[in-house]
Amino acid sequence: MTGLTRQNLGTIVAKQGILIAFALFMIGFAMVNQRFIALDNISGVIRSSAILGVMAIGVTFVVIGGNLDLSVGSMMSFSTIVVLDLHDKIGPGLAIPAMFALTLLLGAFIGFLVGYLKLNSLIVTLGMLSAIHGLTLTWSGGKNMDIADKSGTWFSFFGQDRIMGIPVPILIFAFLAAVLAMVLSRTAFGRKVYAVGGNGQAATFSGIPRARIVFMTYLVSAFCVAVAGLLQASRSLGSQNTVGQGMELEVLAAVILGGASLMGGSGTVFKTVIGVLILGFIQNGLLLAGLDFYVQYMVTWAIIILAVWLDIAAKRGHLWSPIA
Amino acid sequence: MKNTMKAALACTTAMFGSAAAAQTMTIGITQNNVGVDSYQTTYERAFIAAAEANPDVNAIVLDAGGDVARQLAQIEDLIQQQVDAIIIWPTNGEAVIPAVRRAHNAGIPVVVTNSNIAEQGFDFISSFSGPDNVTQGSRAAEIMCERFTELGIEDEARVVQISGQPGYTTAIERQQGFDERLPEVCPNVTLVATQPGDWNRERSQQVMEAFLIQYDDIDGVYAGDDNMGIGALNAARAAGREGITFVGATNFAVGYDAMEAGDYWGSIYQSPVDDAEAALQTAIDILNGEEVPFLNYFDTPKITQDNMGDFTKPVF
Amino acid sequence: MAIENRKDMIKQGGIWVFILAELIFFSMAGHYWSVSNQAFMDPGNMLLLLKQSAPIGIIALGMTIIMINGNIDLSVGAIFALSAVVLLDSLSWPFMMAMGDWALPLAWGFALLTGVTLGAVNGLIVWKTGIDAFIVTLGSMLGFRGLVFMYNGEQPTSNLNWTLVDFAEAQVLGLHTATWFLFGTALVLWFVTTRTNHGRNAYAIGNNRDAAVNAGIRVGPHFMWNFILIGFLAALSAVVFYSESGSVNPNDGMLYELWAITAVVLGGTKLAGGYGSIAGTLGGVIAIQLLRKGLGHIGADTQTVNLVIGLILIAVLFLDRQLTRKGKEELKI
């Protein structure tokens, strides 16, 4: 391990550490249990990771822009409840756009507070976590929301159907990831997100409208949350008010695992997707190996620390921190 | 001063069993976690409605949000406000015992509602009002067994169980009832595994997904309530596994619908409105000095696809 | 300098003004909306308020110095739970059972040791790897929670010991045991942050880490000590609370980290580090508990409580920033 720091090979390992770790995991689990690499198992894991994944992609934008979003779990509950409630009131065709509009409105509110008023994103989104939960309970009256006629609606398409054998949630997840990856890496907006997160001050001086870019990242995040809420609602056609509770930290774990720095300015959609899949496959693999769910917590802990450590060790060229 | 007098008066009325309930009584309730599912929300609504309908009752309605520390604080607050009776829906059947003792020592009668506290605390409460959860568990086992017999698989069926929140008395008792009764009625049915679903539909769906990965052959699922039962049903449906007998408890509207659609076999009919009204009535009876059974159960019958016509669809 | 002082006073006084406003509001509103005849400001009620602030409060006080450093600790809820499990479980170990009531202080010791150890693990990782404390403790929040579940599966750990309960319920000079621990912790930390080298270093590091390193402050060990401190305090909070309740669910303490951070921020401490005070945090903790109690007093339902607490947090952040900006403008003139 000690020679690793100065060698090129070591740098490559560290830089692509997340991919290598992923590959090793897959091989290891596959050797323990053949079933792990069965096509239906793999597709099952990706399908159940899709909701978390879609949210993580949105949060990647926020994090690259140098902020946090702890409200996504609470907001996902809101989207799910709202679209289910409106489904029976105004029909799915109108319910979906209405839910997207309302979710985006919440995102815009957060974006305004963090972007234009420059309030600290951790506290703002923490406050919104609680406030949106209150809003959801007010909307639903605290009751579970269920679609009355479960078999007679095309709304189940997004969460339950398949196209050419591939589950629709996977297609939506992949499509969204591809589009947003393009937005982040190929457009002027994407470059500005990196610039704002990398060095907010410099970005302002170079004429990039910091406030507007930050505002936009929260809109992207809210949009992704709305998609996740749609998938969730369509998957079970009914929901409790607490369905997204606690997901904000899982999402953040996936984003961090993908190598996005919380300081902002680094990370990619692709790597976040890898982070999400790693979490999903670990969970599945440990389950198939017959281990209890809490083992997954500890493995995730170890992997997060190791992944981030390797990443920063590669950047600074030393394994150990220089702080005395 | 005025308040002390009132409390003293209420105590006297309670002690001497005078039926004159002209004095208004203040009854405080601290609930487990309102808004987490429909049952608890409907319960709260029904409780407030029942209290408002009774001119002699002032109700202080609090919600612990599932947090033990918050619930203990609320019990302390109610003791401090010198309410006439306290109704508790425990977040943790053991952790609330010292606080209950404090209420008892302050001369305030305590009624436990919905889910009982552990036996060590029985000396400090006046009554438990709620469903008989052990019986509910055994009834669920009977429903399951009868169904297997109809299907002719009573000698080979394999069952998984998704229990409620660990440590929560209702969850423990329902599981106990089911675990004990199933081998009595269907000795050859195997209970393969039990995992908690925390009364949560999403969590239950994940647990069931895991069961489906681990076990190729599952004939029956017993869930600690219908909310979790539906989560399990969703998982089975998504995985394309058919022919599983689902039995739940606390029949939710969504469970009733699934029974009507033929996807879900049976459950236990338990109304949060009955639950809330029974708790309030128990507290009122105690304050009026009437005899109240220590375990004050209200009936919760079996409901299956066969007899569901006898029951109206649950409102929650 | 005088202006700077006045600005500080306005800012630190802010939380107490807010508490006063809450008291007035709930007293008046309680008159109309509350079903209870008891005055909100009844002394007994206020004493309970302090006691009920203790579980989050003791943790939040420790979080203050972590945040003055410019760090954060998300794992305190899990440390709280694991320490509680150790406290209650150790009482049922055979050799402890044989010791009678002498086992109680030992059980406290085991629980506190657990907190110290977990804190040290966090501190060591932050020091040696240089990973941001947010990420380190986000990871250990999961990992430590895993340990809680490993200990006793999903079952609660219980041990109702009446001697312990009586001790925790005791009132000395009117104040509850928990309140004494809250005040004691506050006093010690106030002393540490304002009167010791360690405290001065904490501010210096938070203000400008590079400058602090250049000035010869050993940042790594400093962080480590603070993480040990907050681990200890999370355990202390658990010890005080669970002595009185005797049963811990594996999910207990979840979200405590977020409430502690909220209290610290309400108390005026800056997330960026370098600025904050123990007295302010004490105010923040009391303000939150007062808000909960008051909303219960006037009969607000669950959704309103959530909505109000969330929005007030944002409003306070906004006001605080306006105040800071005003202070800066005054300074320019």
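Analyst: A residue counts as buried if 20 or more other C-beta atoms, placed from the backbone, lie within 10 Å of its own, as exposed if 12 or fewer do, and as partly exposed in between. The model is predicted, so local features need pLDDT of at least 70 and side-chain atom pairs 80 or more, while totals for chains, interfaces and linings use all residues. Residues are numbered from 1 along each chain as its sequence is written, with chains lettered from A and ligands numbered from 1 in the order written.

User: How many residues of α6(A) are buried?

Analyst: In α6(A), 17 of 20 residues are buried, leaving the helix mostly covered. Helices (H or I, at least four residues) and strands (E, at least two) are DSSP runs, numbered from the N terminus. Just after α6(A), A:Gly141 has a positive phi of about 65°.

User: How are two packed helices described?

Analyst: By the angle between their axes and the distance between the axes. In chain C, α5 (residues 103-129) and α11 (residues 219-243) pack at about 150°, with axes 7 Å apart. They are therefore roughly antiparallel (over 145 degrees).

User: What residue classes make up the contact of α5(C) with α11(C)?

Analyst: It has 21 nonpolar, seven polar and no charged residues. Ala, Val, Leu, Ile, Met, Phe, Trp, Tyr, Cys and Pro count as nonpolar, Asp, Glu, Lys and Arg as charged, and the others, Gly among them, as polar.

User: What does chain B contain?

Analyst: Chain B has 10 helices and 12 strands, and 64% of its 316 residues count as buried.

Definitions and conventions:
Axes fitted to C-alpha atoms, helices over the stretch in contact; angles between N-to-C directions. Parallel < 35°, antiparallel > 145°, perpendicular 65-115°, else oblique.
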